[in-house]
Amino acid sequence: MNRRHFITTASAIALAPTGLLAAGTAPLDYEPGVLDRHLGAGEVVFLDFKASWCTTCAAQERVLDKLKAENPSYEEYITFINVDWDTYGRSQLVSRMRIPRRSTLVVLKGDDELGRLVADTREAKIRELMDIALRASMDA
């Protein structure tokens, strides 16, 4: 191994964990079966009912991104799933869960709903909901 190759490889290895953490894990997109699959595996799921045109949803997303950046454990231990309101707003999922509108955030574990926020963009409230999810994932 020549010196240049060694330095390049060592630098890449040294920087990899930081780069991976900074990138985060993108939320999953909801489709039928994905929720049951993750809940059935014992995961804590954070559902985000949102629409691309919804300003409240955008405000919630900014807060969620900020909190995830501050605490990588959220993405490590919680499964985030985005539910497109335009596609699934009239679905059985929305009806069964009694989701009143887009910009609804729900935390689930197994058959239990652990918490919910509707149209709330306050950082403290969203952090509280994410902390509920994090604690529940640690109890597994």
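**Aromatic pairs, nonpolar cores and loop residues**

The charged end of Lys68 sits over the ring of Phe80, 4.0 Å from its centre, a charge being placed over a ring if NZ of Lys or CZ of Arg is within 6 Å of the ring centre and within 35 degrees of the ring normal. The model is a predicted one, in which local features need pLDDT of at least 70 and side-chain atom pairs count only at pLDDT 80 or more, whereas totals for chains, interfaces and linings use all residues. Residues are numbered from 1 along each chain as its sequence is written, and side-chain values use heavy atoms, with hydrogens and water left out.

Rings of Phe, Tyr and Trp (its six-membered ring) were taken to pair if their centres lie within 6.5 Å, with planes under 30 degrees apart counted as stacked, over 60 as edge-to-face and the rest as tilted; by this rule the count comes to two aromatic pairs. Tyr30 and Tyr88 form an edge-to-face pair, at 4.8 Å centre to centre and with 90° between the planes. This pair links distant parts of the chain, 58 residues apart, since Tyr30 lies in the loop between strand S1 (28–29) and helix H2 (34–40) and Tyr88 in helix H5 (residues 85–88); helices (H or I, at least four residues) and strands (E, at least two) are DSSP runs, numbered from the N terminus. Tyr30, at 14% relative accessibility, counts as buried, as does Tyr88 at 17%, where buried means under 20% relative accessible area, exposed over 50% and partly exposed in between (1.4 Å probe, protein chains only). Phe46 and Phe80 form a tilted pair, at 5.1 Å centre to centre and with 45° between the planes. Because Phe46 lies in strand S2 (residues 44–50) and Phe80 in strand S3 (residues 78–84), the pair ties together parts that are 34 residues apart in sequence. Phe46 is buried, with a relative accessible area of 1%, and Phe80 is buried at 8%.

A nonpolar core is a set of buried Ala, Val, Leu, Ile, Met, Phe, Trp, Tyr and Cys residues joined through side-chain atoms within 4.5 Å. The largest nonpolar core has 20 residues, of which Tyr30, Leu35, Leu47, Phe49 and Met97 touch the most other members. Two or more residues are given to this core by each of H2, S2, S3, H5, H6 and S4. With contact defined as heavy atoms within 4.5 Å, and residues up to four places away in sequence not counted, Leu35 touches Tyr30, Val45, Leu47, Ile81, Leu93 and Leu108. Apart from this core lies another, of 17 residues, among them Tyr74, Ile78, Ile126 and Ala136.

Arg98 is exposed, at 71% relative accessibility, whereas Ser103 is buried, with a relative accessible area of 0%. S4 and strand S5 (residues 112–118) pair in the antiparallel sense over six bridges, pairing of two strands requiring that DSSP finds at least two bridges between them. The bridge partner of Val106 in S5 is Arg116, and in the S4 and S5 hairpin, with two residues between the strands, Gly110 takes a positive phi near 60°.

Asp120, in the loop between S5 and helix H7 (123–138), is buried at 11% relative accessibility. Asp120 touches Gln60, Lys125 and Ile126, residues up to four places away in sequence not being counted.
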